[in-house]
Amino acid sequence: MSPEAVVNPTTGTVAVLLVSVATIAIGSIGLRLSRTTSDFYVASRAVSAPWNASAIGGEYLSAASFLGVAGLVLAGGVDMLWFPVGYTAGYLVLLVLVAAPLRRSGAYTLPDFAQSRLVSWEVRLVSSVLVVGIGWLYLLPQLQGAGLALRTVTGLSPAVGAVLVAVVVVVNVLAGGMRSITFVQAFQYWLKATAIALPVVFLLVAWSSDGGPDPSAHGLPTARTAVTTELTHPVTVRAPAPATFDVRGVVDGAAVDGPITLEKGESVQLAEGTVVHLPAGTVVPHAAPVSASVGEEWSAPLSGAGGRAHPLYATYSLILALFFGTMGLPHVLVRFYTNPDGRAARRTTAVVIGLLGIFYLFPPIYGALGRIYAPDLLLTGRTDTVVLALPSRLVPGPLGDLLSSLLVAGAFAAFLSTASGLVVSVAGVLSQDLMRRHWLGPPPARRDQGRSVHTFRIATVVAVVVPLMLSLLTTRVGLADTVGLAFALAASTFCPLLVLGIWWRGLTAAGAIAGLLAGGISASAAVTATMLAGPFGGWTGALLAQPAAWTVPLAVLTMVCVSLLTRARVPAQTGRLMIRLHTPEGVEVDRGRT
Amino acid sequence: MGAARTTPRRPVSRDIDEQTDIGEVYMRSLVRNQLRLSVAVLGAFVLSWCSIPLLFAIVPGLRGSRVLGLPLSWLLLGVIVYPVITAVAWWYVKAAERTEQDFSDLVERR
């Protein structure tokens with residue numbers, strides 16, 4: 001017996017193939033247009049503002065946004081809305097603190113900026129390693145999410161979806177680099193926005209004709225109709241209230257085929273492949289570590305719904321990571337060099353904020369409806385699939401299939417676009433800084449283009465294969481949670497480097513390195529502990545799962561203090577650089593080398 | 001600055017270019033004005049929106065309150081926040097461009 005099909009496999013597969021083919025086809029248009037290194041990396045900076053804003057939006061809206069936000073809302077309630085708010089507000093912070101000066105710096109990548117600002121190849125090297133680290137951490141959930149989505153559609157092993165996305169991304173990036181990516185990304189924003197918005201109309205109509213049940217006044221999550229589900233991985237479930245349901249498979253190590261009854265608070269382990277049938281009206285047992293919450297808790301802020309400890313601390317730390325981490329994500333920064341000047345960079349960013357705001361109105365609706373119509377996902381722990389699961393449950397027949405396929409297409413677009421953007425930036429840094437340099441000396445001159453493009457192609461493959469291996473080896477952490485850790489790492493490293501580098505003349509290379517190391521090491525230690533040994537309980541768990549609140553101040557303080565101690569070593573051309581970063585383009589001054 | 005205005009032999013942009021003392025004064029004032037604008041915009045946004053969790057923590061009665069049938073917290077964080085961020089962003093873009101225009105007018109005047 002198959003698990004309840006959430007998506008018609010035929011139309012779902014067609015949707016995945018269409019998105020993949022369209023991505024490569026549109027990408028190959030760019031192939032004929034991109035022939036030099038600068039084309040390859042940044043589309044020769046000749047991309048118009050609306051295209052660029054759509055492309056930035058398309059690249060930024062990842063699996064964590066398309067699938068993860070709804071899953072978080074389903075499990076954790078209103079506090080999880082800070083994720084999309086933070087993803088959007090991150091661009092506001094980026095706009096007011098770095099957008100125009102960064103574009104005016106004329107650098108291609110973060111390490112380029114670090115080097116030209118601080119005249120130090122050591123800073124460049126540390127930045128390069130961090131770009132690759134953050135990029136891989138962010139690629140991981142994209143590949144895992146792709147596997148998850150493909151499994152939902154076809155029942156294939158998650159590895160297949162991850163490999164499929166990896167192959168399409170490599171082909172796409174190799175075909176045209178950034179130029180093609182710009183077209184592809186712009187197309188993907190509109191595909192994703194349509195895919196998330198259109199089904200909502202039908203879902204809300206179905207919901208209101210069902211009497212408009214209130215997700216927040218629903219008691220504990222309860223199966224509304226009988227539902228059958230197959231576990232794709234072993235889970236420990238805890239019953240928040242007495243529950244009797246049918247099981248075929250292995251419970252606590254013993255084979256069971258028939259009804260079992262759980263008392264309130266009792267938990268059992270269900271093995272992989274176990275089929276669970278919940279009769280209508282059953283209070284859904286929850287997969288660890290999510291704990292059940294009644295409707296009033298779920299809809300109220302700071303209730304700790306879903307079992308998150310210290311909600312006030314966690315909320316503020318998350319806000320800090322998301323607000324200040326966006327500017328430090330490698331694939332976000334590389335986009336700014338495609339604006340013609342600093343003024344355009346600002347305007348583009350403002351348009352991006354509008355586009356993101358439109359998109360993020362929709363995922364929470366899926367999360368809220370999921371609490372009524374798909375609470376069984378809390379039993380399997382696969383809350384990240386709620387967006388894909390809803391249409392077939394609320395809109396029966398071919399229309400539901402069509403809507404599901406549209407959502408599958410959108411989800412795939414999300415994996416492809418974010419993964420492509422990340423791979424371009426990681427491969428750019430790998431090929432420019434880590435593969436072509438003498439490790440103990442300054443990097444060679446950048447302009448031998450034939451070799452450069454060749455190295456970029458090798459780097460592209462490396463940039464994809466490493467996180468692909470990691471994604472096949474590690475167990476799955478929630479999509480939006482892993483992404484949150486990448487934000488925390490970016491906020492603890494590149495945010496202080498960029499903000500101090502742009503606004504403070506006193507920053508020195510020694511200060512920058514010390515700050516990058518302090519923030520980078522402390523945040524990665526927290527990330528590693530959470531991913532390998534977590535989640536932990538109490539304050540330890542809260543501090544490690546949401547590290548930004550202490551790692552960002554640590555990095556800033558270290559950077560400022562060490563810079564003050566090494567005051568004598570402020571680079572001589574800092575004044576010239578400040579002119580370059582801050583004077584409007586219309587003023588005729590020497591901006592130094594470009 | 002007064003001296004520069006009474007003997008306008010050459011635009012200040014030359015001073016900036018040559019990094020003379022007067023050029024430095026203009027540059028530092030531009031950077032300071034832009035930074036002040038950025039900090040004001042960011043401060044206003046962060047203080048207003050990031051006080052929401054604190055408000056809910058201090059006044060638990062607000063957590064369950066409803067507006068137009070929707071819980072207040074969902075309305076604020078799910079809907080209203082986005083047009084607000086967009087408006088703040090657009091206002092900032094205009095203000096920053098004004099600052100730059102004033103600076104350009106000032107330093108290119110002969």
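Reader: Into which domains is chain A of this predicted model divided?
Author: One domain of chain A is written as two stretches of sequence, 15-210 and 299-582, and carries the label domain 1. The other covers 222-283. The division is therefore domain 1 (15-210 + 299-582) and domain 2 (222-283).

Reader: Which helices of chain A each supply at least two residues to the side of domain 1 that touches domain 2?
Author: Eight residues of domain 1 of chain A are in contact with eleven residues of domain 2 of chain A. By class, the domain 1 side has four nonpolar, two polar and two charged residues. The helices that each give it at least two residues are H14 (363-373) and H15 (377-380) of chain A.

Reader: Nice, let's stay with H14(A). How many of its residues are buried?
Author: The buried residues in H14(A) include A:Pro363, A:Tyr366, A:Gly367 and A:Arg371. The rest of the structure largely encloses this helix, because the buried count is eleven of eleven.

Reader: What secondary structure does chain A have overall, and what percentage of its residues is buried?
Author: Chain A has 23 helices and seven strands. Among its contacts with a separation of 6 or more, 82% join residues 24 or more positions apart. Of the 594 residues in chain A, the buried share is 60%.

Reader: Which residues touch the most other members of the largest nonpolar core?
Author: Nonpolar side chains tend to be buried together in soluble globular proteins. The largest nonpolar core here has 226 residues, and helix H9 (residues 158-209) of chain A gives the largest share, 19 residues. This core also draws at least three residues from each of domain 1 and domain 2 of chain A. The members that touch the most others are A:Leu92, A:Val165 and A:Ala411.

Reader: Leaving aside neighbours within four places in sequence, what is A:Leu92 in contact with?
Author: A:Leu92 has a partner in chain A, A:Ile353. It also has partners in chain B. Those in chain B are B:Phe45, B:Ile85, B:Val88 and B:Ala89.

Reader: Which element gives the largest share of the side of chain B that touches chain A?
Author: In this interface, 42 residues of chain B are in contact with 43 residues of chain A. Helices H2 (12-18), H3 (21-58) and H4 (72-108) of chain B each give two or more residues to the chain B side. That side divides into 28 nonpolar, nine polar and five charged residues. The largest share, 22 residues, comes from H4(B).

Reader: Where in chain B is the confidence lowest, and where is it highest?
Author: Chain B averages a pLDDT of 84, and 91% of its residues score at least 70. For the complex, the predictor gives an ipTM of 0.88 and a pTM of 0.89. In chain B the lowest mean is 50, in helix H1 (residues 2-6), and the highest is 92, in H4(B).

Reader: On to the strands: which residues form the covered face of S6(A), and which the uncovered one?
Author: Strand S1 (residues 227-230) of chain A pairs with S6(A) in the antiparallel sense over four bridges, and A:Thr229 has A:Val276 as its bridge partner. Strands S3(A) and S6(A) also run antiparallel, joined by three bridges, with A:Arg248 opposite A:Val275. The covered face of S6(A) has A:Val276 and A:Leu278, while the uncovered face has A:Val275 and A:His277.

Reader: Is A:Asp252 buried or exposed?
Author: A:Asp252 is found in the loop between strands S3 (243-251) and S4 (254-262) of chain A. Its phi is near 50°, a positive value in a residue other than glycine. Since it has 12 C-beta neighbours inside 10 Å, and 12 or fewer is the cut-off, A:Asp252 counts as exposed.

Reader: And how does A:Val119 count?
Author: A:Val119 has a positive phi of about 50° although it is not a glycine. It is found in the loop between helices H7 (110-118) and H8 (121-154) of chain A. With 16 C-beta neighbours inside 10 Å, A:Val119 counts as partly exposed.

Methods:
Residues numbered from 1 in each chain as written. Chains lettered and ligands numbered in written order. Predicted model: local features only at pLDDT ≥ 70, side-chain atom pairs only at ≥ 80, totals over all residues. Contact = placed C-beta atoms within 7 Å. Nonpolar A, V, L, I, M, F, W, Y, C, P; charged D, E, K, R; others polar. pLDDT = per-residue confidence, 0-100. Buried ≥ 20, exposed ≤ 12 C-beta atoms within 10 Å, placed from the backbone. Core = buried A, V, L, I, M, F, W, Y, C linked by C-beta atoms within 7 Å. Pairing = 2+ DSSP bridges.
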